[in-house]
Amino acid sequence: MTQSHDRKSAILARNLTLTLGANGPGGDGATSILKGVDLTVPDGQVVALLGPSGSGKSSLMAVLSGLERASGGELSVAGADFMGLSEDQLALARRGRIGVVLQAFHLLPTMTAQENVMTALELAGVADAAARAAQELAAVGLGHRLHHYPSQLSGGEQQRVAIARALAPRPALLFADEPTGNLDGATGAAIIDLILTRRAETGATLVIITHDEALAQKAERIIRIADGRIASDEMA
Ligand SMILES: Nc1ncnc2c1ncn2[C@@H]1O[C@H](COP(=O)(O)OP(=O)(O)OP(=O)(O)O)[C@@H](O)[C@H]1O
Ligand SMILES: [Mg+2]
(Lines give C-alpha, C1' and ligand atoms only; values in the text may rest on other atoms or scores of the structure.)
(Ligands and ions follow the chains in the order given, each with its own letter.)
Protein backbone atom coordinates (compact mmCIF):
# COMPACT_ATOMS: atom_id res chain seq x y z
CA MET A 1 0.00 0.00 0.00
CA THR A 2 1.12 3.55 -0.70
CA GLN A 3 0.37 6.63 1.38
CA SER A 4 -2.32 7.62 -1.07
CA HIS A 5 -5.90 6.83 -0.19
CA ASP A 6 -7.07 7.60 -3.73
CA ARG A 7 -8.85 4.79 -5.48
CA LYS A 8 -7.00 3.44 -8.49
CA SER A 9 -8.86 2.90 -11.73
CA ALA A 10 -10.31 -0.55 -12.32
CA ILE A 11 -11.42 0.56 -15.79
CA LEU A 12 -9.98 3.35 -17.92
CA ALA A 13 -11.54 3.69 -21.38
CA ARG A 14 -10.91 6.50 -23.85
CA ASN A 15 -12.81 6.95 -27.11
CA LEU A 16 -13.60 3.26 -27.20
CA THR A 17 -15.21 2.07 -30.43
CA LEU A 18 -16.60 -1.25 -31.61
CA THR A 19 -17.48 -1.85 -35.24
CA LEU A 20 -18.76 -5.24 -36.33
CA GLY A 21 -19.97 -6.55 -39.64
CA ALA A 22 -19.59 -8.97 -42.49
CA ASN A 23 -17.15 -6.83 -44.42
CA GLY A 24 -15.08 -5.75 -41.45
CA PRO A 25 -14.69 -2.27 -40.02
CA GLY A 26 -15.41 0.33 -42.67
CA GLY A 27 -16.90 -2.23 -45.06
CA ASP A 28 -20.40 -2.06 -46.53
CA GLY A 29 -21.94 -4.36 -43.94
CA ALA A 30 -20.18 -2.79 -40.98
CA THR A 31 -22.25 -1.66 -38.00
CA SER A 32 -20.94 0.89 -35.59
CA ILE A 33 -21.93 -0.39 -32.14
CA LEU A 34 -19.82 1.59 -29.67
CA LYS A 35 -19.22 5.12 -30.91
CA GLY A 36 -16.61 6.57 -28.59
CA VAL A 37 -17.02 5.64 -24.93
CA ASP A 38 -15.01 7.49 -22.26
CA LEU A 39 -15.25 5.85 -18.87
CA THR A 40 -13.23 5.76 -15.66
CA VAL A 41 -14.31 3.38 -12.90
CA PRO A 42 -12.36 3.51 -9.63
CA ASP A 43 -11.44 0.32 -7.80
CA GLY A 44 -14.29 -1.07 -5.74
CA GLN A 45 -17.08 1.02 -7.27
CA VAL A 46 -20.54 -0.43 -7.91
CA VAL A 47 -21.85 0.77 -11.28
CA ALA A 48 -25.26 0.13 -12.83
CA LEU A 49 -25.41 0.26 -16.62
CA LEU A 50 -28.81 1.06 -18.11
CA GLY A 51 -30.11 1.76 -21.59
CA PRO A 52 -32.62 0.69 -24.22
CA SER A 53 -32.43 -2.69 -25.92
CA GLY A 54 -29.78 -2.56 -28.64
CA SER A 55 -28.02 0.49 -27.16
CA GLY A 56 -24.77 -1.43 -26.71
CA LYS A 57 -24.71 -2.45 -23.04
CA SER A 58 -23.73 -6.08 -23.60
CA SER A 59 -21.26 -5.04 -26.29
CA LEU A 60 -19.61 -2.58 -23.91
CA MET A 61 -19.43 -5.24 -21.22
CA ALA A 62 -17.90 -7.72 -23.68
CA VAL A 63 -15.17 -5.21 -24.55
CA LEU A 64 -14.52 -4.14 -20.94
CA SER A 65 -14.31 -7.75 -19.76
CA GLY A 66 -11.94 -8.72 -22.58
CA LEU A 67 -14.35 -11.11 -24.29
CA GLU A 68 -14.39 -8.92 -27.37
CA ARG A 69 -11.71 -6.66 -28.83
CA ALA A 70 -12.46 -2.97 -29.21
CA SER A 71 -11.99 -1.60 -32.73
CA GLY A 72 -10.32 1.56 -31.52
CA GLY A 73 -9.50 3.76 -28.55
CA GLU A 74 -7.66 3.07 -25.32
CA LEU A 75 -8.60 0.52 -22.69
CA SER A 76 -6.89 -0.38 -19.46
CA VAL A 77 -8.60 -2.91 -17.15
CA ALA A 78 -7.26 -4.03 -13.77
CA GLY A 79 -3.95 -2.42 -14.71
CA ALA A 80 -3.55 -4.28 -18.02
CA ASP A 81 -3.50 -2.54 -21.41
CA PHE A 82 -6.19 -4.55 -23.20
CA MET A 83 -5.47 -2.94 -26.58
CA GLY A 84 -1.79 -3.83 -26.56
CA LEU A 85 -2.01 -7.45 -25.45
CA SER A 86 -1.88 -10.52 -27.70
CA GLU A 87 -4.76 -13.01 -27.47
CA ASP A 88 -2.73 -15.22 -25.14
CA GLN A 89 -1.68 -12.31 -22.95
CA LEU A 90 -5.29 -11.12 -22.83
CA ALA A 91 -6.51 -14.57 -21.73
CA LEU A 92 -3.84 -14.58 -19.04
CA ALA A 93 -4.70 -11.05 -17.89
CA ARG A 94 -8.38 -11.98 -17.56
CA ARG A 95 -7.77 -15.20 -15.67
CA GLY A 96 -8.72 -14.89 -12.03
CA ARG A 97 -9.06 -11.09 -12.35
CA ILE A 98 -12.36 -10.77 -14.15
CA GLY A 99 -15.58 -12.60 -13.32
CA VAL A 100 -18.69 -12.60 -15.49
CA VAL A 101 -22.29 -13.51 -14.65
CA LEU A 102 -24.72 -13.66 -17.57
CA GLN A 103 -28.50 -13.68 -17.90
CA ALA A 104 -28.51 -17.35 -18.91
CA PHE A 105 -26.36 -19.03 -16.34
CA HIS A 106 -23.97 -20.89 -18.67
CA LEU A 107 -23.07 -23.60 -16.21
CA LEU A 108 -21.46 -26.71 -17.66
CA PRO A 109 -24.34 -29.21 -17.74
CA THR A 110 -22.19 -32.33 -17.28
CA MET A 111 -20.60 -31.00 -14.10
CA THR A 112 -22.03 -30.72 -10.60
CA ALA A 113 -22.34 -27.37 -8.84
CA GLN A 114 -19.09 -28.03 -7.00
CA GLU A 115 -17.28 -29.06 -10.19
CA ASN A 116 -18.48 -25.93 -11.99
CA VAL A 117 -16.96 -23.72 -9.30
CA MET A 118 -13.87 -25.91 -8.95
CA THR A 119 -13.08 -25.58 -12.64
CA ALA A 120 -12.93 -21.79 -12.37
CA LEU A 121 -10.62 -22.05 -9.37
CA GLU A 122 -8.32 -24.55 -11.09
CA LEU A 123 -8.11 -22.30 -14.16
CA ALA A 124 -7.08 -19.47 -11.86
CA GLY A 125 -4.38 -21.67 -10.34
CA VAL A 126 -5.95 -21.83 -6.88
CA ALA A 127 -4.79 -24.71 -4.68
CA ASP A 128 -7.30 -26.86 -2.83
CA ALA A 129 -9.99 -26.06 -5.38
CA ALA A 130 -12.52 -28.67 -4.20
CA ALA A 131 -12.62 -27.39 -0.63
CA ARG A 132 -12.66 -23.77 -1.77
CA ALA A 133 -15.52 -24.51 -4.18
CA ALA A 134 -17.53 -26.02 -1.34
CA GLN A 135 -16.89 -22.89 0.77
CA GLU A 136 -17.91 -20.58 -2.05
CA LEU A 137 -21.14 -22.50 -2.60
CA ALA A 138 -21.89 -22.42 1.12
CA ALA A 139 -21.40 -18.64 1.00
CA VAL A 140 -24.26 -18.37 -1.53
CA GLY A 141 -26.49 -20.71 0.49
CA LEU A 142 -25.86 -23.84 -1.57
CA GLY A 143 -23.81 -25.90 0.84
CA HIS A 144 -26.47 -28.62 0.55
CA ARG A 145 -26.41 -28.71 -3.27
CA LEU A 146 -22.74 -29.40 -4.04
CA HIS A 147 -23.36 -32.58 -5.98
CA HIS A 148 -26.41 -31.49 -7.93
CA TYR A 149 -26.18 -30.99 -11.67
CA PRO A 150 -27.50 -27.74 -13.20
CA SER A 151 -30.61 -29.56 -14.48
CA GLN A 152 -31.40 -30.52 -10.88
CA LEU A 153 -31.25 -26.91 -9.68
CA SER A 154 -33.84 -24.12 -9.88
CA GLY A 155 -33.10 -21.00 -11.94
CA GLY A 156 -32.26 -19.01 -8.83
CA GLU A 157 -29.99 -21.79 -7.57
CA GLN A 158 -28.22 -22.02 -10.93
CA GLN A 159 -27.63 -18.28 -10.82
CA ARG A 160 -26.19 -18.61 -7.31
CA VAL A 161 -23.76 -21.23 -8.62
CA ALA A 162 -22.82 -18.82 -11.43
CA ILE A 163 -22.18 -16.08 -8.84
CA ALA A 164 -20.08 -18.43 -6.69
CA ARG A 165 -18.12 -19.46 -9.77
CA ALA A 166 -17.51 -15.87 -10.89
CA LEU A 167 -16.41 -14.68 -7.45
CA ALA A 168 -14.48 -17.77 -6.32
CA PRO A 169 -11.10 -16.70 -7.78
CA ARG A 170 -11.57 -13.26 -6.08
CA PRO A 171 -11.60 -11.25 -9.29
CA ALA A 172 -10.78 -7.55 -9.06
CA LEU A 173 -13.74 -6.97 -11.37
CA LEU A 174 -17.14 -8.58 -11.61
CA PHE A 175 -19.41 -7.98 -14.60
CA ALA A 176 -23.06 -9.05 -14.52
CA ASP A 177 -25.28 -8.79 -17.61
CA GLU A 178 -28.94 -8.77 -16.56
CA PRO A 179 -28.27 -11.47 -13.97
CA THR A 180 -31.93 -11.55 -12.93
CA GLY A 181 -33.42 -11.50 -16.44
CA ASN A 182 -34.55 -15.14 -16.28
CA LEU A 183 -35.82 -15.05 -12.70
CA ASP A 184 -39.10 -14.05 -11.07
CA GLY A 185 -39.18 -10.77 -9.12
CA ALA A 186 -38.61 -12.14 -5.62
CA THR A 187 -35.86 -14.54 -6.71
CA GLY A 188 -34.24 -11.78 -8.76
CA ALA A 189 -34.22 -9.38 -5.81
CA ALA A 190 -32.60 -12.06 -3.62
CA ILE A 191 -29.95 -12.66 -6.29
CA ILE A 192 -29.15 -8.94 -6.49
CA ASP A 193 -28.81 -8.73 -2.71
CA LEU A 194 -26.51 -11.74 -2.82
CA ILE A 195 -24.32 -10.20 -5.54
CA LEU A 196 -24.08 -6.95 -3.58
CA THR A 197 -23.30 -8.76 -0.32
CA ARG A 198 -20.62 -10.97 -1.84
CA ARG A 199 -19.21 -7.96 -3.73
CA ALA A 200 -18.88 -6.07 -0.47
CA GLU A 201 -17.17 -9.05 1.17
CA THR A 202 -14.67 -9.47 -1.66
CA GLY A 203 -14.17 -5.78 -2.50
CA ALA A 204 -14.55 -6.36 -6.25
CA THR A 205 -15.46 -3.57 -8.63
CA LEU A 206 -18.93 -4.36 -9.98
CA VAL A 207 -20.52 -3.38 -13.28
CA ILE A 208 -24.09 -4.61 -13.48
CA ILE A 209 -26.36 -4.26 -16.50
CA THR A 210 -30.05 -3.99 -15.74
CA HIS A 211 -33.37 -2.72 -16.99
CA ASP A 212 -34.58 -2.34 -13.42
CA GLU A 213 -34.52 1.25 -12.11
CA ALA A 214 -35.05 0.10 -8.51
CA LEU A 215 -32.03 -2.16 -8.76
CA ALA A 216 -29.96 0.60 -10.33
CA GLN A 217 -30.66 2.77 -7.29
CA LYS A 218 -28.71 0.27 -5.18
CA ALA A 219 -25.53 1.07 -7.12
CA GLU A 220 -23.15 3.95 -6.28
CA ARG A 221 -23.24 5.21 -9.82
CA ILE A 222 -25.72 5.00 -12.70
CA ILE A 223 -24.53 5.17 -16.29
CA ARG A 224 -27.03 5.32 -19.13
CA ILE A 225 -26.08 4.17 -22.62
CA ALA A 226 -27.93 5.30 -25.74
CA ASP A 227 -26.97 4.42 -29.30
CA GLY A 228 -23.44 3.30 -28.46
CA ARG A 229 -22.56 6.31 -26.31
CA ILE A 230 -22.75 7.32 -22.67
CA ALA A 231 -25.86 9.48 -22.40
CA SER A 232 -25.64 10.23 -18.68
CA ASP A 233 -23.39 9.37 -15.77
CA GLU A 234 -24.51 10.16 -12.23
CA MET A 235 -23.67 9.22 -8.68
CA ALA A 236 -26.76 7.64 -7.12
N1 LIG B 1 -21.93 -9.54 -34.17
C2 LIG B 1 -22.66 -8.46 -34.44
N3 LIG B 1 -22.67 -7.93 -35.70
C4 LIG B 1 -23.38 -6.83 -35.98
N5 LIG B 1 -24.12 -6.17 -35.07
C6 LIG B 1 -24.16 -6.64 -33.82
C7 LIG B 1 -23.44 -7.80 -33.44
N8 LIG B 1 -23.66 -8.02 -32.12
C9 LIG B 1 -24.49 -7.04 -31.71
N10 LIG B 1 -24.81 -6.22 -32.73
C11 LIG B 1 -25.67 -5.02 -32.65
O12 LIG B 1 -25.13 -4.13 -31.70
C13 LIG B 1 -26.14 -3.38 -31.05
C14 LIG B 1 -25.93 -3.42 -29.57
O15 LIG B 1 -26.17 -4.75 -29.10
P16 LIG B 1 -26.06 -5.12 -27.55
O17 LIG B 1 -26.30 -6.57 -27.44
O18 LIG B 1 -24.80 -4.58 -27.02
O19 LIG B 1 -27.30 -4.30 -26.95
P20 LIG B 1 -27.87 -4.25 -25.46
O21 LIG B 1 -27.86 -2.82 -25.04
O22 LIG B 1 -27.15 -5.23 -24.62
O23 LIG B 1 -29.38 -4.71 -25.68
P24 LIG B 1 -30.35 -5.64 -24.76
O25 LIG B 1 -30.88 -4.74 -23.68
O26 LIG B 1 -31.42 -6.06 -25.71
O27 LIG B 1 -29.55 -6.78 -24.26
C28 LIG B 1 -27.46 -3.99 -31.52
O29 LIG B 1 -28.03 -3.13 -32.47
C30 LIG B 1 -27.06 -5.30 -32.14
O31 LIG B 1 -27.94 -5.65 -33.18
MG1 LIG C 1 -27.69 -7.02 -23.67
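Begin with helix α1 (residues 57–64), which gives the most to the shell around ligand 1, with three residues. Helices here are DSSP runs of H or I with at least four residues, strands are runs of E with at least two, and both are numbered from the N terminus. The model is predicted, so local features need pLDDT of at least 70 and side-chain atom pairs count only at pLDDT 80 or more, while totals for chains, interfaces and linings use all residues. Residues are numbered from 1 along each chain as its sequence is written, chains are lettered from A and ligands numbered from 1 in the order in which they are written, and side-chain values use heavy atoms, with hydrogens and water left out.

**Around ligand 1**

Next, select the whole shell: Leu20, Ile33, Pro52, Ser53, Gly54, Ser55, Gly56, Lys57, Ser58, Ser59, Glu178 and His211 surround ligand 1. A residue is near the ligand if one of its heavy atoms lies within 4 Å of it. Coloured by class, this shell shows three nonpolar, seven polar and two charged residues. In this scheme Ala, Val, Leu, Ile, Met, Phe, Trp, Tyr, Cys and Pro count as nonpolar, Asp, Glu, Lys and Arg as charged, and the others, Gly among them, as polar.

A polar backbone atom of Gly54 is 2.8 Å from an oxygen atom of ligand 1. For Ser55, the distance from a polar backbone atom to an oxygen atom of the ligand is 3.2 Å, and for Gly56 a backbone N or O atom lies 3.0 Å from a ligand oxygen atom. Of the 640 Å² of accessible area that ligand 1 has on its own, the protein covers 58%; such areas come from the Shrake-Rupley method with a 1.4 Å probe, and for residues only the protein chains shown count as cover.

Move to helix α6 (residues 185–202). Its 18 residues should span 26 Å at 1.5 Å a residue, and its end C-alpha atoms are 26 Å apart, which agrees; the expected span is 1.5 Å times one less than the number of residues. Select Gly188, Ile191, Ile192, Leu194, Ile195, Arg198 and Arg199, the buried residues of α6. They cover an arc of only 160° around the axis and therefore lie on the same side of α6, the arc being that of the directions from the helix axis to the C-beta atoms. The face turned away from this buried side carries the exposed residues Gly185, Ala186, Ala200 and Glu201. Buried means under 20% relative accessible area, exposed over 50%, and partly exposed in between, with a 1.4 Å probe and protein chains only.

Helix α5 is mostly covered, with 11 of its 13 residues buried; among them are Glu157, Val161, Ile163 and Leu167.

**Single residues**

Where does Arg221 lie? Arg221 is in strand β9 (residues 221–226), and it counts as buried because its relative accessibility is 8%. Display its side chain together with that of Asp233: a polar contact of 2.8 Å joins the two. Such a contact is a pair of N or O atoms within 3.5 Å; within protein, one must be able to donate a hydrogen and the other to accept it, and residues adjacent in sequence count only if both atoms are side-chain atoms.

Finally, select Asp227, in the loop between β9 and β10 (229–235). Phi of Asp227 is near 50°, a positive value in a residue other than glycine.
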